2 protein chains.
Amino acid sequence: MTQISEFGEFGLIYHLTKKIKLTNSSTVKGIGDDAAVLDYNDKQVLITTDLLLEGVHFDLVYVPLKHLGYKAAVVNFSDIYAMNGHPKQITVSLGVSNRFTVEHLEEIYSGILLACKNYGVDVVGGDTTASLTGLTISITCIGEAEKEKIVYRNGAKGNDLICVSGNLGSAYMGLQLLEREKLVFEGQTGNIQPDFAGKEYILERQLKPEARKDIIEQLAKKGIQPTSMMDISDGLSSELIHICKQSNVGCRVYEDKIPIHIQAAQMAEELNMNIVTAALNGGEDYELLFTCSIDDYEKIIGLKNVGIVGHITKSELGMNLIGRNGEEIPLKAQGWNSLKG
Amino acid sequence: MTQISEFGEFGLIYHLTKKIKLTNSSTVKGIGDDAAVLDYNDKQVLITTDLLLEGVHFDLVYVPLKHLGYKAAVVNFSDIYAMNGHPKQITVSLGVSNRFTVEHLEEIYSGILLACKNYGVDVVGGDTTASLTGLTISITCIGEAEKEKIVYRNGAKGNDLICVSGNLGSAYMGLQLLEREKLVFEGQTGNIQPDFAGKEYILERQLKPEARKDIIEQLAKKGIQPTSMMDISDGLSSELIHICKQSNVGCRVYEDKIPIHIQAAQMAEELNMNIVTAALNGGEDYELLFTCSIDDYEKIIGLKNVGIVGHITKSELGMNLIGRNGEEIPLKAQGWNSLKG
């Protein structure tokens, strides 16, 4: 293992970033100056940033560093797609304590670079600094979109369809599985043996999530312009409330329409948890939630991996989940880490 | 005092950011969506990011939170000016442990917002998250510049003049003073009493640095296009080496030309330190280092707060400091935190 102190600051940055290849024509200047230079003409610039802290956003007991790097990048791409844009560049700042070696940092970077390769994104800035405790990852992503294509959260209109990509609650159930296995690993429980068989999907959703570039591409291909959109990082319930409040509308979402993966449902049953609660309030799915005009219904049902879960109503009617027996349950935002409590 | 837990995540962000006013025409969308939207036409976009960690980059024993917020923003602006651009937007991510209250965060934000007001910058994204230990501040700054005006580090040519704004070593001597007073405060020394009289300037340089917007404006006014430029955050010696290596040139810098403030010199004497070493290797001055054609000599000497400290040479001649007795001393990059040892 190589100690970080064996490199100087600049040697370390060079070492970590020398393999980076710039691929976008808009990237005029990447790492190596005070700032990156980006060239845009008719496009608009999108920017998003995310700070990940050890022990809060990730637990190195069960998250491999390469996966962590991958995920840290992808969650930022997801924010850009949620604007109907395309991520193009990121900057990466790492704070690392002396328990990390150069090899550890290389692992993180290899995950970041793999994500960048998969999504066609350039790393244009890097910064690695000492930390007294733990690992900190801060990533900023810049994206572009045509001005008239950008989708905000405040455009949902009465009768719009509410659509969700993929399925919900899987990342949260993957986290529950990892937490259980961590207890086993730490010897805090007796009999239960680690068992990931048949649970690969929910593990991957937690450890190596993907951003829904495919959905954005399908929307463009079909000529669908959503009226509002965001990614689902804090649970469907919380995100729907954002869209409704910012659009000044209400909504009705149907419990039996919420897409659930079989592995997530099985895991919930095994842990005696309610999978609908996990789907509504569990975080980190990074699926897309969007609304669109009912006139687009025919186009929407032709999309792959997109389901209609409800519709927008007048503001006065409130924001409700319609249960399997027709009962109306007001949606609640659970706030941060409420499920982790 | 209000506990952070009394707000939900979104309530806290709203609380912290509700006073933000957007002022730039290029700011299409600020806080409140997945990403900020910026509109640029003939300008190029500049982006820089900085991660500050408690105990590494700042010590809350002697750094007031408002000053910390101000400085965290200004150091990013400095990076944009160092490209000959103008900062326009920032995003702010804070990681805070539960020993911080809402009032603490307000103090940090008030400093950030004051800096933004002073420099005409919009806050376009915010994120506050729990941390297990200490305070983390991550700021990303987006700036703009005309394409042909952007100044990189790699354009210095033989015989170019080497220029420095303001004076060097003051922020470092301010830090030494604060460290000494911290020891007094902690009762680790006996006789010395806190004494800031006559040292206000170096304290301010450490606690509330400014970015050299004025220099960028003067350069534009006088029609001077530097051949290379960067800000001096790690000491003149280290930054000159960056410029020389990237430009494939050498340099000669004259010890007696290095601008030193009287308070910094006095502080160095009091602490029995070498002020030239502090000026060459002390960090956080945030002055501008730039090179320009000797044809601009007449214009340069007309600039306020800019001094010529040396000139660029052929690469073979190396990078040297010329001492007061004419001796050549090779410049060395001290690497990170070397002076903090």
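Trainee: By what turn can chain B be laid on chain A?

Mentor: A turn of 180°, with a shift of 0.0 Å along the axis. The RMSD is then 0.0 Å. Bear in mind that this is a predicted model. The two copies are thus related as by a two-fold rotation axis.

Trainee: Which residue of chain B comes closest to the rotation axis?

Mentor: Asn41(B), whose C-alpha is at 3.0 Å.

Trainee: And what share of the contact residues of chain B recur in chain A?

Mentor: 98% of them, and the same surface serves both copies.

Trainee: New topic. What does the domain assignment give for chain A?

Mentor: Domain 1 covers 4-149 and domain 2 covers 161-330. Their C-alpha centres lie 26 Å apart.

Trainee: How many residues does each domain of chain A put into the contact?

Mentor: Domain 1 of chain A supplies 16 residues and domain 2 of chain A supplies 19.

Trainee: Which element gives the most on the domain 1 side?

Mentor: H2(A), with nine residues. By type, that side of domain 1, where domain 2 of chain A is touched, has 10 nonpolar, three polar and three charged residues.

Trainee: Now H5 of chain A. Which of its residues are buried?

Mentor: Helix H5 runs over residues 200-207 of chain A, and its buried residues are Ile202(A), Leu203(A), Arg205(A), Gln206(A) and Leu207(A).

Trainee: What do those pack against?

Mentor: Three helices of chain A: H2 (65-81), H4 (170-185) and H8 (262-270). H2(A) is also the element that gives the most to the domain 1 side of the contact with domain 2 of chain A.

Conventions: Residues are numbered from 1 along each chain as its sequence is written. Chains are lettered from A and ligands numbered from 1 in the order in which they are written. This is a predicted model: local features need pLDDT of at least 70, side-chain atom pairs count only at pLDDT 80 or more; totals for chains, interfaces and linings use all residues. A residue is buried if 20 or more other C-beta atoms lie within 10 Å of its own, exposed if 12 or fewer, and partly exposed in between; C-beta atoms are placed from the backbone. Helices (H or I, at least four residues) and strands (E, at least two) are DSSP runs, numbered from the N terminus. Two residues are in contact if their C-beta atoms, placed from the backbone, lie within 7 Å. Copies are superposed by least squares on the C-alpha atoms of residues with pLDDT of at least 70 in both. Domain bounds come from an automatic or database domain assignment. Ala, Val, Leu, Ile, Met, Phe, Trp, Tyr, Cys and Pro count as nonpolar, Asp, Glu, Lys and Arg as charged, and the others, Gly among them, as polar.
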